[in-house]
Amino acid sequence: MKNINDKVALVTGAGQGIGRGIALRLASDGADIAIVDINEEKMAAVASEIENLGRKVTTFKADVSNRDEVYAAVEHTQNTLGGFDVMVNNAGIAQVNPIADVEPEEVSHILKINIEGVLWGIQAAAAKFKALGHSGKIINASSIAGHDGFAMLGVYSATKFAIRALTQASAKEYASDGITVNAYCPGIVGTDMWVTIDKRFSEVTGAAIGETYKKFVDGIALGRSETPDDVASLVSYLASPDSDYVTGQAIITDGGIVYR
């Protein structure tokens, strides 16, 4: 695979889980990394790991639901690392609730992070690529729940369907600028998010702790849960020159759960 040596990548939600895995993989591929998150302690830990890989790294505390903070994060990245080439809009949250029980404040909260956070990231990245006069890669976090609506995850699924729409529309709008826009769609990844999802399923359905997670994992064709590294491998491809002719796609990486 063609490498991304000396490119600069910004990864939101990179303090833990999938975001951490993506940041480390892109650093291993030769990129310098901007870590954006709301947790400074976790960012510092990941930054140390990236420094140990011999790459430059910077951290920036930002709430992705705040448009100004996302633009500031991109500006900080370019100013600190001397360039800007790849934007990974990874930050997001999950919600587990039956449709009948969803409250207005829950909807507002998840829409701001999962949809607006990606929208502001697309805007800020594309504006910076154009200002710098070069092409770029924008890579968004969707989900298998962006291809199939899952019971108890209705609003979360809706946000991830929306990411596919934003990805397709952005790909069409920015193609003439040489900017590609794609999304990755993970399945059941063994991270803290799934610990939270499993716990909430237990509260709502009465299932034993771990039972929901096991049920989903048991349905994976390849026979194991997904790791952040599995997701990062796809993002690595989307960030590399090998994907230069791929745009507007929301690619499933789930080990065999949802088939498209």
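A nonpolar core is taken here as a set of buried Ala, Val, Leu, Ile, Met, Phe, Trp, Tyr and Cys residues joined through side-chain atoms within 4.5 Å. In this predicted model, the largest such core holds 30 residues, of which Ile22, Leu26, Ile33, Ile35, Ile50, Val88 and Tyr184 touch the most other members. At least two residues of this core come from each of strand E1 (8–12), H1, strand E2 (32–37), H2, strand E4 (86–89), strand E5 (136–141) and helix H8 (228–239). Beyond residues up to four places away in sequence, Ile22 touches Val11, Val88, Asn90, Tyr184, Ala232 and Val235. In soluble globular proteins, nonpolar side chains tend to be buried together.

Two helix pairs were examined for packing geometry. For helix H1 (residues 17–28) and helix H2 (residues 40–52), the axes come within 9 Å and cross at roughly 20°. Angles under 35 degrees count as roughly parallel, and H1 and H2 are therefore roughly parallel to each other. The crossing of H1 past H2 is right-handed. On the H1 side, the contact is made by Arg20, Ala23, Leu24 and Ala27, and on the H2 side by Val46, Glu49 and Ile50. Sorted by class, this contact of H1 with H2 has five nonpolar and two charged residues, with no polar ones. Ile50 of H2, which takes part in this contact, is also among the residues that touch the most other members of the largest nonpolar core.

The second pair consists of helix H6 (residues 192–205) and helix H7 (residues 211–218), which pack at an angle of about 115° with their axes 7 Å apart. The range from 65 to 115 degrees counts as roughly perpendicular, and H6 and H7 are therefore assigned as roughly perpendicular to each other. Trp194, Asp198 and Phe201 are the H6 residues that meet H7, where their counterparts are Glu211, Thr212, Tyr213 and Phe216. The contact of H6 with H7 divides into four nonpolar residues, one polar residue and two charged residues.

A further position considered was Leu119, which lies in helix H4 (residues 104–132). Its relative accessibility is 27%, so Leu119 counts as partly exposed. The C-alpha atom of Leu119 is separated by 7.3 Å from that of Leu166, although the two residues are 47 residues apart along the chain.

How values were computed:
Residues are numbered from 1 along each chain as its sequence is written. This is a predicted model: local features need pLDDT of at least 70, side-chain atom pairs count only at pLDDT 80 or more; totals for chains, interfaces and linings use all residues. Side-chain values use heavy atoms; hydrogens and water are left out. Axes are lines fitted to C-alpha atoms, for helices over the stretch in contact, and angles run from 0 to 180 degrees between N-to-C directions. Helices (H or I, at least four residues) and strands (E, at least two) are DSSP runs, numbered from the N terminus. Angles under 35 degrees count as roughly parallel, over 145 as roughly antiparallel, 65 to 115 as roughly perpendicular and the rest as oblique. A crossing is left-handed if the near helix is turned anticlockwise from the far one by less than a right angle, and right-handed if clockwise. Contact means heavy atoms within 4.5 Å. Ala, Val, Leu, Ile, Met, Phe, Trp, Tyr, Cys and Pro count as nonpolar, Asp, Glu, Lys and Arg as charged, and the others, Gly among them, as polar. Buried means under 20% relative accessible area, exposed over 50%, partly exposed in between (1.4 Å probe, protein chains only).
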